[in-house]
Amino acid sequence: MAATTSERPASPSPGPRPIQRLQESVINRIAAGEIIHRPASALKELIENSLDAGATSIKVTVKDGGMKLLQIQDNGCGIRKEDLPILAERFTTSKLSTFSDLSRLTTYGFRGEALASISYVSNLTVVTKTKADTCAWKACYADGSLAPAKAGATADPKPCAGNDGTTITVENLFYNTPTRLSALRGSSEEYSRILDVVTKYAIHNPHVSFTCKKTGNPSPDVSTPSSSTTVQSIRLLYGQTLAKELLHTSVSSSGKGKDRASGDSSDEDVADENSWSAEAYFTNANYQAKKMTLLLFINRCIAYSYLMGDRLVESSRIKRALEAAYNGVLAKGASPFIYLRTMRVTLYSLEIEPKSVDVNVHPTKKEVHFINEDVIIERIADTVQQALIGQSQSRVFEYQTLLTGGIAEIPSSQRSKGKRKAREEEDEDAADDSHPNGASNCDDPEDNQSAPAPSQIAKRKVYSYHKVRTSLKDRTLDSMFPVTHPSQLKRTESGGDGDNSPGTLETPPTVRDKEIKESQCFLKSVRDLRNSVTKAKHHQLSEILEKHTFVGVVDPARCLSLVQHGTRLYLLNHGALATELFYQLGLRQFGNFSRIRLDPPPELRMLIALAIDAEEGLAQSGMTKVDAVNRIVNLLMARRDMLQEYFSLGISEDGLVETLPMLLRDYTPNLDKLPLFLMRLGPQVDWTEERSCFDTFLRELAYFYVPEPVLLPEGGARGDAADTTSEEVGAQKATLWQIQHVLFPAMARYLVPPKSLLDRDVVQVADLPDLYRVFERC
């Protein structure tokens, strides 16, 4: 073996690899990857092109986070038709022509690589029109050159309809670079980055109207008007809470703290090649955050350092200098910050002579260098620090009182009174706080007078029988644990593989506070019904229901409950109120109902036959059972398309009831009433006239949803009925829980009570001041 090994010839050493020229497509894709990192970076380039074109309105439309569709429309100067053939080629630009133009650059872009890079990694379409053109021109691009819109067509630009300006559509971004596409985040995160870019440019360009929305959404997520100001844009985008803490200062090379708008700068400063000026909007010490964000604009080159990873121009040196300026003002661990994710804003606009700025540093213009950087940074930091110190003489601390009405402040002149007098004033203050919004009961004759001054509130005597000792925000422990109907528990346990009962839930849901929005409907009959509900509103009863405190169900068999409002106690027929509630909820969600899916779906004919068997008086109508069943089934089957579209009552072609409309979340109607509901749709609904049809159908749907009176067996049951008794007790508990924790909160939120409920369904049974008068007589 040793001899054989020694005789083996040595492998030749590898030689140098040949140098070869890369293909043009490979070069362009590599360059595109340096410019376009994600949809937000592509949008940044497109927004800068629109601003350079003099646009005053920019609209952005996004689909799937910009990966499926990213469209930007502006009203700028447009692109000439003669320039469209070379529009998407690399290094084609209208911003400069010679290298010396870089020293006089006042635009966002200058290299002409943005559209070229986008065309190499997406499907690019441009529709543009100048003011001189009679029509718009549409061109499609692929790999930097014109491409036909569809197979068999020519690649030349085509005339089309359009407004002045340019609309650029980017579709299927990174479709040919799967590695880059897989590295992107989800569509929601990419869309948030897009919103962040639009927001930042909207702050820096308040004279331009910005709009950004998702496809299919009627309302935009970002919308700013034109002809605004920087402070107004911050207030619109981030709220008054943030805008009220803004400070403003300016500094220039000629001196500190001079306002640019005052026009004090001399001609010598303007002529000096090293002249500069800066304007700062930053928050004071009353507003703090955990992280700092710095937004920096240098000439027309936007630069900001954003801790979440946005990729525009950064300036770490300015960021460190401003952090040092805030060190002596903010508490340890607190920092100033910019825009929505952080609650403190520091916005800078720095103007330097173009010849003093070198913008050709980074492929994506991420960094810039400028002359006298140390002097400029030190001057800005000192000016900001002086402004912060001047505003730090006093601090504003917001706090929330324990009670909703607040505590009346006692003048300092009264603090030296005796203990007895002070104790009386504290009792009076506590009594004032017990009323909602700090007001006392409206039935007190003294309350009909004009509201006293805050300093006089503590002097007024409020008697004990006028105090409201309950709060609308109180929540009991049992409201957090839904009680499930025993029938649902049985069906869940025995359901097995998809054998669940119709419309039942496998687990009891928690009560979710989700608003039921009114559907948009153009039918005149539905709008008339909604207007009639609004006109019949009784304002005093509406206030009672909106601000009531639930006491309890006093008679489940008669559907009677007690509620408290102010110092009064009311007895309500919750069955009648629930009927009106479900009718209005059906009218509110007309044409846009959620669905309760029945699995397995029962047969329509069988359900109606069950209801007719239990119906009395069929013989008086002169119809047989079979005739009545066939008539109702044929009536519903002939109108099943309408029932599905308007009410989400799904009936299949085979006559199976598949879905029912859901009127209220976390509330499941008693499905034992389903046969009666379907049977009553035949004789009780007026199918001949549109408005009467909708009105009567919604009434029947409300009757189906109303909780039935639960009768608890007296003395229990015997023998084999023991299990039935426990089931009835569980059914009553589940019904009572839904009445208290689902129906009454829904009434307070959605019910518009008519005056007719006062006739017999709402009765005042007690009033605390009247009870005190009775006790005084005794």
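The following legends describe close-up views of a predicted model.

Residues are numbered from 1 along each chain as its sequence is written. In this predicted model, local features need pLDDT of at least 70 and side-chain atom pairs count only at pLDDT 80 or more, whereas totals for chains, interfaces and linings use all residues; side-chain values use heavy atoms, with hydrogens and water left out.

**View 1. The chain as a whole.** The secondary structure comprises 24 helices and 24 strands; helices (H or I, at least four residues) and strands (E, at least two) are DSSP runs numbered from the N terminus. Of the 778 residues in the chain, 44% are buried, where buried means under 20% relative accessible area, exposed over 50%, and partly exposed in between (1.4 Å probe, protein chains only). Among contacts between residues at least 6 apart in sequence, 71% join residues at least 24 apart, a contact being heavy atoms within 4.5 Å. The chain exposes about 42,700 Å², of which carbon and sulfur atoms supply 50%; accessible areas come from the Shrake-Rupley method with a 1.4 Å probe, and for residues only the protein chains shown count as cover.

View 2. Helix 10 spans residues 316-327 and has 12 residues. From its first C-alpha to its last it reaches 17 Å, close to the 16 Å expected at 1.5 Å a residue; the expected span is 1.5 Å times one less than the number of residues. Ile 318, Lys 319, Ala 321, Leu 322, Ala 325 and Tyr 326 are buried. These residues lie on the same side of helix 10 because they cover an arc of only 165° around the axis, the arc being that of the directions from the helix axis to the C-beta atoms. The face turned away from the buried side carries the exposed residues Arg 320 and Asn 327.

View 3. In helix 7 (residues 230-238), the buried residues are Thr 230, Ser 233, Ile 234, Leu 237 and Tyr 238. Seen down the axis, they fall within an arc of 100° and so line one face of helix 7.

View 4. Strand 18 is joined to strand 19 (residues 560-565) by 5 bridges, and Gly 552 has Leu 562 in strand 19 as its bridge partner.

View 5. Most residues other than glycine have a negative phi, and most peptide bonds are trans. Asp 143, in the loop between strand 4 (136-142) and strand 5 (145-147), has a positive phi of about 55°. Asp 143 is partly exposed, with a relative accessible area of 38%. Phe 174 has a positive phi near 65° and is placed in the loop between strand 7 (165-171) and helix 5 (178-183). Phe 174 is buried, with a relative accessible area of 2%. A cis peptide bond, with omega about 5°, joins Asp 599 and Pro 600; Pro 600 is found in the loop between strand 21 (594-597) and helix 18 (604-614).

Definitions and conventions: Two strands pair if DSSP finds at least two bridges between them.
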